[in-house]
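Trainee: Could you take me through one part of this model in close detail? I would like to see how a single side chain sits among its neighbours, and then a few other places for context.

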Amino acid sequence: MIVKRNTIIVLLITCLFSIHHASAKNKYHVGIAMGSTFPLANFGENNPLINNAGFARPGFTMNFDGDYFVHNRLALSARFHFGQTTTNNDATYNWLKNVTSDYLSEDNDSLRSNIGNWYWSSPLVGIKANYPIILNKIYIDGGIFSGLNISHPSSQNLRAINKTTNKEIYSENNTNAIYSLPLMLEAGIRVSVNQNIQLKLQTSYYRAKSNYEHYIYAISPGASDIEELESFYVKNTIEAINLSLGLVYVL
């Protein structure tokens, strides 16, 4: 009985020593990374006949990170993520003409368009894990994050003026901020330059719903009232692969 009790005590002391020994010496890291974002799936679709196409092209991404290491191999992380894509203007213009075609007169209408970019920002929290390829020099990193996605869909506006009646037809998105729950998965490699500075190369997958409403309405000459013609929801999802290069400062 005494032997068993002593064995248990020794095992507990060993475990506590191991945990203490493995706890992170440098608990706080801050980092910044910038790079490119590449749209996937329907978000990057350019077919004007598909209603939920995003018409997004490659753009820019940025991350600000603050990490608290609870263990040499594990950290709790807070992140602010920002993304922006350019837009395929020709495909978007053709989509606008297609969804508004029932209200246009090609012979008499003068068409003007205003097409913008996609923007989103996201405060995130998550967990990061790492594995050393060369201890204190090169690490493989992985992480998972979620939080709040705040997105602004591309402004997709078409204005048609009938040359005969001067009646104006408008076809445009509701571009108010859209809120949803995102998911970000990340993997990368981190290299220590010295005791305080590290370089990192990382790739991540980001996904968040960004549904919005599209309106078509008309205004007659001299009229103060808007004639509502049609409205419909566009079910869109921001989905992208990000590739970025950054710096980590060890506090």
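Mentor: Happy to! A contact here means heavy atoms within 4.5 Å. Please keep in mind that this is a predicted model.

Let's look closely at Glu213, which lies in strand S13, residues 212–219. Leaving aside residues up to four places away in sequence, Glu213 touches Glu172, Asn173, Asn174, Ser231, Phe232 and Tyr233. What about its charge? Glu213 is buried yet has no salt bridge. The nearest side chain of opposite charge belongs to Lys235, and that is 13 Å away. A salt bridge would need a side-chain nitrogen of Lys or Arg within 4 Å of a carboxyl oxygen of Asp or Glu. There are polar partners, though. The side chain of Glu213 makes a polar contact of 3.0 Å with the side chain of Tyr215. The side chain of Ser231 is joined to that of Glu213 by another polar contact, at 3.4 Å. Ser231 is also among the residues that Glu213 touches.

Strand S13 runs over residues 212–219, and its numbering takes us to Ile219. Asn166 sits in the loop that links strand S8 (156–162) with strand S9 (168–173). Asn166 counts as partly exposed because its relative accessibility is 46%. With residues up to four places away in sequence left out, Asn166 touches Ile161 and Pro221.

A loop elsewhere also brings together residues separated along the chain. Pro48 lies in the loop between S1 and S2. Pro48 and Thr92 are 44 residues apart along the chain, while their C-alpha atoms are separated by 6.6 Å. Again not counting residues up to four places away in sequence, Pro48 touches Phe55, Ala91, Asn94, Trp95 and Asn98.

Ile127 has 45% relative accessibility, so it counts as partly exposed.

To come back to your side chain: Glu213 is buried without a salt bridge, and its side chain makes polar contacts with the side chains of Tyr215 and Ser231.

Note on methods. Residues numbered from 1 in each chain as written. Predicted model: local features only at pLDDT ≥ 70, side-chain atom pairs only at ≥ 80, totals over all residues. Heavy atoms only, no water. Helix = DSSP H or I, 4+ residues; strand = E, 2+ residues; numbered from the N terminus. Buried < 20%, exposed > 50% of the residue type's maximum accessible area, 1.4 Å probe, protein only. Lys, Arg positive; Asp, Glu negative; His and termini not counted. Polar contact = N/O pair within 3.5 Å; in protein donor to acceptor, adjacent residues only side chain to side chain.
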